Amino acid sequence: MRELAGKTAFVTGGAGGIGFELGRAFAQARMNVMLADIETEALAAAVKSLENVGPDVRGVVCDVADPESVERAAKASYETFGNVHVVCNNAGVAAGGGIDNISLDNWRWVLDVNLMGVLHGIRSFLPHIRAHGEGGHFVNTASMAGMQGGLGFSPYGASKFAVVSMSEGLAAQVRPLGIGVSVLCPSFVRTRIGESGRNRQQRYGPTPSLDPNSPAAAVVAEIASRLQAGLDPAAVAARVLDAIRDDELYVFTHPNMREEVDERFAAIQAAMDKAGR
Ligand SMILES: NC(=O)c1ccc[n+]([C@@H]2O[C@H](COP(=O)([O-])OP(=O)(O)OC[C@H]3O[C@@H](n4cnc5c(N)ncnc54)[C@H](O)[C@@H]3O)[C@@H](O)[C@H]2O)c1
């Protein structure tokens with residue numbers, strides 16, 4: 001979608017981190033913006049801080065894990081702005097733990113938000129974008145954790161591999177309709193993803209506590225320090241806008257991760273070679 005000005009963007013997880021910077025970048029590109037988020041106060045603050053940036057920035061409280069909540073947020077967007085063109089299914093959460101102690105509640109929470117949340121956004125907005133015929137673009141936030149299994153056995157990695165796969169499938173299906181798809185795969189970005197428990201819905205039970213001396217706790221601490229030193233989320237947003245304009249499927253922000261991806265594909269190719277022998 002070459003021309004963004006005058007169009008409308010919907011961004012989940014828009015109250016903070018990458019989603020907020022996406023909202024800011026869209027507003028700077030003269031788009032109307034609807035920020036959707038589960039965190040009410042942060043959402044109000046985000047909308048306020050962008051009020052003089054773009055033509056019109058609004059907020060809607062939304063839990064992406066709940067299909068009806070996403071449907072309501074979509075309707076609120078049409079009522080406010082008319083047609084929506086860019087949909088960023090970006091809200092996400094991470095939960096730590098080791099192979100033998102990740103609770104089923106944690107699996108459900110992470111998969112419901114990171115995977116089903118993306119699906120709910122696609123299901124709610126695709127019929128609308130197809131019907132208005134003005135073109136559109138979906139941006140689904142995955143992660144480098146969806147490109148290589150570096151995080152090991154984890155609901156986060158599983159959800160992100162699924163988002164990559166779903167985005168590839170969606171892209172093939174909607175390209176003939178003039179609708180683009182990008183899958184965003186960052187590595188560490190300086191956001192509050194390490195404090196995802198702040199948005200854990202009660203239905204998933206309490207946040208399990210980690211034994212501070214466990215290997216899993218050491219991994220969580222390492223991730224927290226790498227997040228602090230991570231990329232500026234505004235740089236991620238800038239890359240996404242370029243990808244929308246140039247209709248790019250894969251959006252990477254950390255070229256230093258190439259080696260890990262190469263290693264994975266080399267192992268896959270070697271296994272294929274063996275099968276062909
Ligand atoms: N920060 C990183 O290093 C990194 C790397 C790769 C991918 N990502 C992905 O980027 C996306 C954005 O995360 P971030 O890093 O900006 O984290 P963040 O915690 O700063 O922002 C996430 C936003 O999503 C919202 N949210 C959480 N649960 C929600 C729900 N159920 N419904 C609606 N909104 C909800 C939060 O309130 C928050 O505003 C996520 O999908 C994450 O997995 C982040």
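1. Start with the surface: Phe265, Ile268 and Met272 make up a nonpolar patch there, and together they have about 300 Å² of accessible area. Keep in mind that this is a predicted model.

2. Ile268, one of the patch residues, belongs to helix 8, which covers residues 258–276. Is Ile268 buried, exposed or partly exposed? Its relative accessible area comes out at 37%, and since exposed would take over 50% and buried under 20%, Ile268 counts as partly exposed.

3. Now to the ligand. There are 32 residues around the ligand, and those that come nearest are Asp37, Asn90, Tyr156, Val189 and Thr191. Sorted by class, the shell has 6 charged, 11 polar and 15 nonpolar residues.

4. Which backbone atoms sit by ligand oxygens? For Asn90, a backbone N or O atom is 2.8 Å from an oxygen atom of the ligand; remember that Asn90 is also among the residues that come nearest. For Gly16, a backbone N or O atom lies 3.4 Å from a ligand oxygen atom.

5. Arg198 uses its side chain instead: an N or O atom there is 3.2 Å from an oxygen atom of the ligand. As for cover, the ligand taken alone exposes 820 Å², and the protein buries 98% of that.

6. Which elements give two or more residues to the shell around the ligand? Those are helix 1 (17–28) and helix 5 (155–174).

Terms used
Residues are numbered from 1 along each chain as its sequence is written. This is a predicted model: local features need pLDDT of at least 70, side-chain atom pairs count only at pLDDT 80 or more; totals for chains, interfaces and linings use all residues. Side-chain values use heavy atoms; hydrogens and water are left out. Patches are made of residues with over 30% relative accessible area and no salt bridge: like charges are joined within 9 Å, nonpolar side chains (Val, Leu, Ile, Met, Phe, Trp, Tyr) within 5 Å. Accessible areas come from the Shrake-Rupley method with a 1.4 Å probe; for residues, only the protein chains shown count as cover. A salt bridge is a side-chain nitrogen of Lys or Arg within 4 Å of a carboxyl oxygen of Asp or Glu. Helices (H or I, at least four residues) and strands (E, at least two) are DSSP runs, numbered from the N terminus. Buried means under 20% relative accessible area, exposed over 50%, partly exposed in between (1.4 Å probe, protein chains only). A residue is near a molecule or strand if one of its heavy atoms lies within 4 Å of it. A polar contact is a pair of N or O atoms within 3.5 Å; within protein, one must be able to donate a hydrogen and the other to accept it, and residues adjacent in sequence count only if both atoms are side-chain atoms. Ala, Val, Leu, Ile, Met, Phe, Trp, Tyr, Cys and Pro count as nonpolar, Asp, Glu, Lys and Arg as charged, and the others, Gly among them, as polar.
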